[in-house]
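Hello,

Here is the structure I promised to send over.

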Amino acid sequence: MRDIENLTVAVVGATGAVGREMLAVLEQRGFQLANIRLFASKKSAGSRQSFNGRDVLVEELNETCFKGVDIALFSAGSRVSAEFGPIAAKSGTVVVDNSSYFRMNEDVPLTVPEVNAHSLKELIRGMSHEEGLIIANPNCSTIQMVVVLKPLLEQAGLRRVVVSTYQSVSGAGKLAMDELWNQTMAIMNQREISQKVFPHRIAFNCIPHIDTFLDNGYTKEEMKVVNETRKILALPELLITATAVRVPVFSCHSESVNVETERPLSPEDARELLRKSPGVIVVDDPGESIYPLSSDIVGTDATYVGRIRRDFSVENGLNMWIVADNLRKGAALNAVQIAELVVDSWSRRQ
């Protein structure tokens, strides 16, 4: 039986950008835990991270780390998740994994709490308290889109989705953020530009290339959005296509989303529906130049939607603009919300 009042939570990859954000979100949301453990590579072990006003030692990740750990938030990359996720689950730990490694595994729930919490609750209800589990945190671009698509699906059905993502460099990590900064400074000061992280210069540029290209002409990032959206919404035949673009913005991902619904849904009704939807904030007054902007929402938790308008090229079409902080709702926040959902499910069974 889990001791809900004395939970031990671990963060794997605690020194990375998302790992640090996970710690911040746990603290800000007052997640009830008795012990926090931080794991990272040998290189980072021995350092300390601040949590709830105290310094916590970062330990080297190994196969014995997870004894006594109730929930582990993983953000250390697919290789680490592949190796240590199953080890943690066999130890009785519930793993919330931020990598792409487990997402399309049919036995692993892919969860956005505002969208498909019911599926995870049903799964936990059928497990013993002592059992471990791996839960996948979706792709950052997928998360913010499905939070908006879900209420539209319930109200009017979905026939087709076309999305172009405009993704900030923080999605590629700290080195990518440094590269944007250094290249910008070099251009402004007429110095030579160095380039390591991206295949082309990112400063003052847009690169229609995120992750590797596949044989079908799409990138892995684009197919993540396609396949994960179908899985989360339980619509395996949904017509959906994606183009992913890296843009010279430090934080927050933006998306241009075109939706064709099964039944008519006016822009006015869509706005009202989304205003009532959990995790969504409508910012939509184009006459006053009011719409979601990355610069306005850094560090916030909601998914913002605006520019909601009719697509006149199809019978039941809507266009919209969706923005969210990719390190918050796109990663750390969603992971912590999943952990909260797990704890709530445990509590209801006691």
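Let me start with what packs over one helix: strand E7 (133-136), H4, helix H6 (220-232) and helix H9 (328-349) are among the elements that cover the buried residues of H3. Contact here means heavy atoms within 4.5 Å, and helices (H or I, at least four residues) and strands (E, at least two) are DSSP runs, numbered from the N terminus. The residues of H3 that are buried are Pro113, Val115, Asn116, Ala117, Leu120 and Ile124; buried means under 20% relative accessible area, exposed over 50%, and partly exposed in between (1.4 Å probe, protein chains only). H3 itself spans residues 113-125 and bends by about 30 degrees at Ser119, the bend being the angle between axes fitted to the seven residues ending there and the seven starting there.

Before going on, please note that this is a predicted model, where local features need pLDDT of at least 70, side-chain atom pairs count only at pLDDT 80 or more, and totals for chains, interfaces and linings use all residues. Residues are numbered from 1 along each chain as its sequence is written, and side-chain values use heavy atoms, with hydrogens and water left out.

Now the cores. A nonpolar core is a set of buried Ala, Val, Leu, Ile, Met, Phe, Trp, Tyr and Cys residues joined through side-chain atoms within 4.5 Å. The largest one has 53 residues, of which Leu61, Phe66, Phe74, Met145, Val257, Val305 and Met320 touch the most other members. Helix H4 (residues 140-156) contributes the most to this core, namely nine residues. Another core, of 40 residues, lies apart from it and includes Leu7, Met22, Leu26 and Val342.

Beyond its neighbours within four places in sequence, Met320 has contacts that include Val148, Leu152, Val257, Val305 and Ile308.

Two loop residues also deserve a look. Asn52, in the loop between strand E3 (48-51) and strand E4 (54-60), has a positive phi, near 50 degrees, without being glycine. At 48% relative accessibility, Asn52 counts as partly exposed. Gln190, in the loop between helix H5 (174-188) and H6, likewise is a residue other than glycine with a positive phi, near 55 degrees. Gln190 counts as exposed, because its relative accessibility is 77%. As background, most residues other than glycine have a negative phi.

Best wishes
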